[in-house]
Each structure stands twice: as structure tokens, then as C-alpha cells.
Amino acid sequence: MTNYSTDRVNYSAPAQLPSPLAYLDQGSFMGDPSLTVTLTDGTYTPRIYVSTTAGHSNSPSGQSGVYVYGTANGGQTWEGPIEVAVNGDANVYFDQSTMTTSWATNSNTAGMKFTAYVLYNLYDRNQGEIRIRRSRSPIFCFGRCHAVCPCVPSFDAEVTVATGNVASPQVAVDATGAVHVTYVRYALNVTTDPSTIEEAVSNVPADPSTENISFGSPMLVAYLCTVSGNHIYPSMPAFTVPRMRYDAVADKICMTWHGTDVPGGTITQVYFASRPVVNGSWPGSLIAPIFSVVGRDLFMPALDADESGNILLGWYDRRDSGSNLEYRPYAAYISTSGGIILGPTAISSISSVPSSYFIGDYHEIWRHNYHDGARWNDAWIAHPGFPGEVYVTDIR
């Protein structure tokens, strides 16, 4: 894992975040970082938080965990890791953990952190669980404390959001303080049956200092048809990782993902859906892709909203490859209803040939206010050579 400051005043050099003590042996690995920013941690100083999973590749116990880091000094100093969850039996924390900060200043959840993650059973994928933990107090001191440190993290007990063959959680908090968790529920036979994308919404505790959050029955967002064998040509793993954001200006939950038009199809396209937070509904069906190119794969999308409530949607695109192999990052500017404002445009001339086992499945877009203006950052994985590398493109 590496980090950069995002304040554009004092960049930090790439630096590895410290591994948890339990994972210092050579068989350990860390990955799948998720980032959130807060302005309401008690000091009104911008903070960057990163959640990540850690595990042992050669541990007989299968020990794994979810950890959180935080920045001080605009990204120059990192504190942590703080343990969110750990497990040592046949169940393992795997796949990407996600993290968000509540910006709901009109509710009593403002500044609280929420981390969502997956617990898999190594012997039975149908016994997986989507879980979430809430931190009600500042997770890190950031140098504020002296003789006695009052900033002891206070995590709620794990809350199980969904069970079964579930994966790829996303988490966001709306203006009321309600927590939204979305995830994929895979069909028993993905080659013949569509899977589903679901959303669960929490209550808003009247007194968050004493009440835990709880979730109601999930809503069906849309049906999802996975690519044949969960591989994108030519035989490289590329499960969809749906991205979800709360668009505060439009007061909508917005989602994007990739999939095929039928179960077991071979060409992936980019899909988008949204719903108003208040009395809004999802399409709940096999909807048409928002972007598609005949005979070419479009995959691994990401998104974020701007100050107008419109959205930058980005993805990996093979339209420029005659063999449907090389890909470039593309982006488009859309409304929350899916209307096209600015059509698809390549944001880099780098053409990537994915390796034989990895295609670069993680992709992230975020909107940030810099001292010289607001813009999007698009973080994507390229393969101009071997191995793949992470690139960041500023988009105004």
C-alpha cells in the first residue's frame, strides 16, 4: 500500500503503511485499500482515512483482519493500524473493505466512521456475511493528546447486514445519518441465472452513544448478469465491483457496475442506476447499459458526484482495440438520472495489455476541493509493462 497527500500543498512521497503486528512475517499481505475524508473529527482539519484487509498467505489458521489508518499533517504522517475485525478460523476477511465518514451535519452521526467488509467461509461460499462496524469516537489522536489520551476508539459490535454468497460491499451515509450498504448476491449458477445487486438501509439512532444501528430488509437494486466464468476475454478474472456514492446535492444513491446482457455472456458493458433517498425506488430489473460498444468490453466502472449534483463515470474500455484485448481508461459526465452531458472520452493514451492473471479490477473516482479549484481524481490500473501500476489522472 502506498499513499499520497491530497492537499496539493505538500505532497508526500509514496510510503508503505505499517503492517499490523500480527502480519509482519513474510507470508503476510495487505491490499484493497478504501479511502474516506472527514472534516468533522473534532479538529476541523482535513483527515484521510484508509481501510484495508490483511492476511497470511501461508497461515494454517487462515488469519485475516480489517484495519484502519488515518493521516495527520496532510498525509505526511500516518497513524494506525487500528483493528476493526480479525478472524483466525475457516472464515476469512477477503475482498475489499470499504469505509465512509458521516457528513450528516444535521444529525447526531456527524463525523462517525463506518467500515463495511465481507466474511467468507473458505469451505462454503454460500455462508458468507456482509458486516459493518461503526466508530462513535475519534479513531486517532493526531497529536491532540498529552499525558492522558481520551481518543480511545469506540467501535460498536459487528452488525451483520446480509448472509449467503455475497460480496463487494459499498457504504455511504445520507443527509439524515442513515447508513446505506450495497452488495452483490451471486446466483447459485451464474452461467444460467442472473445475480442481484441489493441495498440495505439502517435506522438513525436517536442516541448514537447508546444505540447500535440496525438494518431492515434489503431492496433489489437490479439484476446482474455475470460474464462467462467470471472472466473477461482472454480468460482473466474480472468480477464486477459495483461502486456506490451518495450524491448529496441530488439527495440520491447512485450505483455503477459492469455485466453482460444475458447470464454467461462474453461481452461486458457499463451499467448505471440511481434512486432518490426519500421514497425512491430502484429499477429492480435487467436494465439497459448506460454505455456499450458492440463486440468490445467496457468494465470496472467507478463514479463520484460534483457540486452541481452531476456525476463523473469512468471505466476501462476496449473500443480502441481491434482484438478486444487492450484497454484504456474512459470517462463521461452524466446526470443522476443517467442523461449524457459529455460523452465518452479517453482520459489517457496509455493502452494496457493485462497480464495472464490480472486485469486491474479496482478503480476509484473521488471529487476533491483543492486550493486551486475542485476536480475529480481518477485512480486506475494500467499495464504498459509488467507488472501493472496504479495511475492517477486529474480531471477538471
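Student: In what order do the strands of the open sheet with β9 stand, and how do they pair?

Tutor: That open sheet has 4 strands in the order β9-β10-β11-β12, and their pairing is antiparallel. Strands are DSSP runs of E with at least two residues, numbered from the N terminus, and two of them pair if DSSP finds at least two bridges between them. Please note that this is a predicted model, in which local features need pLDDT of at least 70, side-chain atom pairs count only at pLDDT 80 or more, and totals for chains, interfaces and linings use all residues. Residues are numbered from 1 along each chain as its sequence is written, and side-chain values use heavy atoms, with hydrogens and water left out.

Student: Which strands stand at the edges of that sheet?

Tutor: The edges are β9 (166-173) and β12 (219-224). Each has a single partner strand, so one side of each is without a neighbour in the sheet. On average, neighbouring strands here are turned by 20° against each other, direction ignored; the axes are lines fitted to C-alpha atoms, with angles from 0 to 180 degrees between N-to-C directions.

Student: And over how many bridges do β10 and β11 pair?

Tutor: Strand β10 (residues 179-185) and strand β11 (residues 195-201) are paired over 6 bridges, in the antiparallel sense.

Student: What about the open sheet with β18, what is its strand order?

Tutor: The order is β18-β19-β20-β21, again an open sheet of 4 strands with antiparallel pairing. Its edge strands, β18 (298-305) and β21 (340-346), each pair on one side only. β18 pairs with strand β19 (residues 311-317) over 6 bridges, and Y316 in β19 is the bridge partner of F299.

Student: How many helices and strands does the protein have?

Tutor: The protein has 0 helices and 24 strands. Of its 396 residues, 54% are buried, that is, under 20% relative accessible area, while exposed means over 50% and partly exposed lies in between (1.4 Å probe, protein chains only).

Student: Changing topic: how many aromatic pairs are there?

Tutor: A search of the whole structure finds 9. Rings of Phe, Tyr and Trp (its six-membered ring) pair if their centres lie within 6.5 Å; planes under 30 degrees apart are stacked, over 60 edge-to-face, and the rest tilted.

Student: Why is the pair of W257 and Y271 called stacked?

Tutor: The ring centres of W257 and Y271 are 5.8 Å apart and the planes stand at 5°, so the pair is stacked. W257 lies in strand β16 (residues 252-259) and Y271 in strand β17, 14 residues apart. Both W257 and Y271 are buried.

Student: And why is the pair of Y333 and W376 edge-to-face?

Tutor: Their planes stand at 65°, with the ring centres 5.7 Å apart, so this pair is edge-to-face. Y333 belongs to strand β20 (residues 328-334) and W376 to strand β23 (residues 373-382), 43 residues apart. Y333 counts as buried because its relative accessibility is 16%, and W376 counts as buried because its value is 5%.

Student: Which residues do ring pairs link into a cluster?

Tutor: The cluster consists of F291, W315 and Y330.

Student: What is the average pLDDT of the protein?

Tutor: The average is 83, and 82% of the residues score at least 70; pLDDT is the predictor's confidence in each residue, from 0 to 100. Over residues 1-12 the pLDDT is below 50. Where pLDDT is low, the predicted coordinates should not be read in detail.

Key:
Contact = heavy atoms within 4.5 Å.
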